[in-house]
Amino acid sequence: MSDDSQKDLETQLDAFKAELEKNQNDNSKVASILLKRAAVYDKLNKLDLARADIETALKRDPSNENAKKQAQELYTRSTTASSSVEDSSFTKKSNDDPLATRFQKSLEHVSSNNLDEIRSFIQTNDFVDVLSACGSSDISTQAKATAYMILTKLFNPPPEIQKGHPIQRIIELCARYFSRSIDSGKNAEKLLAYRTLLAVFETSMTVGAAILSQEGTVEEMMDTVDFEVLEVQQAMVDVLAIASSDKSCQKVIVKFGSEWLANTAARAKDERLKATARTTLTKLQAQQQYGQQDDNNGGNDGSGKNTSTVDSLKEAMSKVNLDSNDLTDTLMMAIKSYKTQDDSIVLNAIEGLAYSTLQGTVKDTVGNDPVLLKALVAISINTAGANSNPLLFGIGTIFKNITTYKPVLNEQQKQMKRLREMANAKSKGKQAQEEQEDPADQDEAVDERVRLVVDNGAALALLVLSKNTSDNLKGVAAQTYLNMVTPQLTRGKLLQQGIVKGLLPLAQQKNKDAPYYLVSAQALAKLAITSDPNIAFGVQIAHELVIPFLELCKDSVQLRQFEGLMALTNLASVDDQVRQRIYVDGGMTVFENLQLSNNDMVQRAATEMICNMTFCDPVFEQYSTSPNRLRLLMILSDHEDIATRRAASGALAILSNSKEACDRIIKVDRSYERITRLLSSEEEIDIQHRGIEMVRCVIGNTGKEAAEGFAKEEAHIRLAEIVMKCQVNVVRTAAMEVLKMFVENGVRIN
């Protein structure tokens, strides 16, 4: 592209920006302009910006079919252009590896979503080779990665081809491959079979569980496990460890594998084998304790006790003098000595501890162990950038679990909880009892753990997670950040540790449907509420936070609405440019909707936000000439909540500097009465001051008519009382000046 062409395109971008500002309230025009700008971005090869404009255009005008068509065409071009770069790089690497090249061709067939090609492929030796590659350790990384991608495509078909997809046939073929390899009796074949089954579980828990939970599979594994070589035993327990997360597999593992797992966890000489067995037992215990087992299916003796799972697991562990505390202690020791441990042992220990920390006692044990917390931080930092997502996810889950507060239930949710408890008690023939709260889950206990987690540098570990490309890791990081900023006492230290660097990218996602988007925005909102925005963020970041905070206000959760409003109120105090940004991004419509909320705190915060925004010139003009908006503020100035009255009367005091506003205010029903009520001796000084300012402006702008209207409501008498009794000089002086205005307009002051 020539320099002149590029300059011409950049000039068009400036013109589009001006058009967007001019037509911001017209969704149809905004969508059309955004699509045109996206086309320019596409020509400039700024594909991310092009996609962002496409997404925004569709949100602003979703019913415009022509816009959808244009957007789809542009999106296809930009996506193809982006993927072609990646494909060329991928192909170059694959050409050096014949197996990777062959798998790449198979991946193209599977990715075509052509059901005939998929049915044909799974019947070929190429499919068998793909399965073998996933379990093999002597092929290239590129070939194995491509094999994993093929399995992922096959096991997780898109919605449009699910109806005719041969998933059952695929499961049958995978199970046949597994059985044939095991039945061969050769150690190498059995090792390959179990490693392949592990890969199947990693790409689809559903397919893996369908294979392992087939009748007799786990039973036969446990019958022969003691006769297998160590390497095969390790591969077998690796499968059991990952399968223990699935409900259908848990039962058969507990039924047939409890005894061997307990013996191995207690007595195995190989440390890696012992660690994996302990991780598996830990996961099985956690799943049962937190209701992921179906107590009414296959093991219920009529008393509500699951005799086939819980009791058999406990019994197997008790035979070797092993309990949950022993498991936890071993896992913690392995993590604390990570420098001298095999990586796989550390990974298993972290995964097991992630499950253990669902229990209250373990939360306290882990949260109060600074050596362990520092080890977790160090491990996450040392493994950053490596292929360590399972390890990082485990670390993030541990921090999330030990810092999670119990949910705050509204009255409806509390009632539903009581009904569930009564229903459960009735089904078990018992009297309903209120569930006892674990002391470790009380806010005071969580506050203390959060303090220790912050003191020991967990924010550094979360920074590693937040920069990862995995949505799961970002989600864990965002939730843990939110947990950590919940106590106000930790926020200052977290700001010093650079928490904004980790949170900001999560809250700036173009995809606002990402599960971590609102969570990270809420964490930033908590920081913004109690911190000076200039110090915590700076002006530039304050501008970037406007949209995430507005999205919080649009959410259906009232706590998020409230915190978004409070955060924006604080941001708006930074400078007028931030207020302008809030206005341009459509904030006023959001605030006005929330003024009608049935939640007093949300209504109050929305009114405070509008009061703050009246310093913005476009908002001042808009409200000064809007009878309906002024009427609502007048009504809210008479609200029973003091803070709401303060905010509404403050906004009116500012707006009443406009003659247009005053002309409309006095036309509101009972306007003089409402304003005079603000001068009552029972009101707080600052509300009286706002009332005095309103009286001054209204009389100053509308003259004798207003003075007489106020006099009928005895406003001058209230002002005289303020002059005599008020101890605040500024307020008393203002009242005296307004009394003079009454006299000047012919009202006698006794």
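Lys493 is partly exposed, with a relative accessible area of 36%, where partly exposed covers the range between buried (under 20% relative accessible area) and exposed (over 50%), computed with a 1.4 Å probe and protein chains only. The model is predicted, so local features need pLDDT of at least 70 and side-chain atom pairs count only at pLDDT 80 or more, whereas totals for chains, interfaces and linings use all residues. Residues are numbered from 1 along each chain as its sequence is written, and side-chain values use heavy atoms, with hydrogens and water left out.

**Salt bridges**

The side chain of Lys493 meets that of Asp455 in a salt bridge, at 2.9 Å from N to O; the term stands for a side-chain nitrogen of Lys or Arg within 4 Å of a carboxyl oxygen of Asp or Glu. Because Asp455 belongs to helix α23 and Lys493 to helix α26 (residues 491-496), this pair ties together parts that are 38 residues apart in sequence. Helices (H or I, at least four residues) and strands (E, at least two) are DSSP runs, numbered from the N terminus. Asp455 is itself partly exposed, its relative accessible area being 35%.

A search of the whole structure finds 33 salt bridges, and three of them are set out here.

| Pair | Closest N and O atoms |
|---|---|
| Arg449 and Asp364 | 2.7 Å |
| Arg604 and Asp641 | 3.1 Å |

Arg449 forms its salt bridge with Asp364, and this pair links distant parts of the chain, with Arg449 in helix α23 (residues 443-455) and Asp364 in helix α19 (residues 360-367), 85 residues apart. Arg449 is buried at a relative accessible area of 1%, while Asp364 is partly exposed at 28%.

Arg604 pairs with Asp641 in another salt bridge; since Arg604 lies in helix α35 and Asp641 in the loop between α37 (627-636) and α38 (642-655), the two tie together parts that are 37 residues apart in sequence. Arg604 counts as partly exposed at 21% relative accessibility, whereas Asp641 is buried, with a relative accessible area of 17%. Salt bridges that share partners also join Asp638, Asp669, Arg670, Glu673, Arg674 and Arg677 into one network.

**A buried loop residue**

Thr614, in the loop between α35 (600-613) and α36 (617-624), is buried with a relative accessible area of 1%. Leaving aside residues up to four places away in sequence, Thr614 touches Val619, Phe620, Ala651, Ile654 and Leu655, a contact being heavy atoms within 4.5 Å.

**Surface patches**

On the surface, Asp183, Glu215, Glu219, Glu220 and Asp223 gather in a patch of negative charge. Patches are made of residues with over 30% relative accessible area and no salt bridge, with like charges joined within 9 Å and nonpolar side chains (Val, Leu, Ile, Met, Phe, Trp, Tyr) within 5 Å. Helix α12 (residues 217-224) gives the most to the negative patch, with 3 residues, while Asp183 is found in helix α9 (residues 167-183) and counts as exposed at 62% relative accessibility.

A nonpolar surface patch is formed by Ile685, Val728 and Val730, which together have about 230 Å² of accessible area, a quantity from the Shrake-Rupley method with a 1.4 Å probe, for which only the protein chains shown count as cover of residues. Val730 lies in helix α44 (residues 729-744) and is exposed at 54% relative accessibility.

**The chain as a whole**

The secondary structure of the protein chain comes to 44 helices and 0 strands, and buried residues make up 49% of its 750 residues.

How values were computed:
Lys, Arg positive; Asp, Glu negative; His and termini not counted. Charge placed at Lys NZ, Arg CZ, Asp CG, Glu CD.
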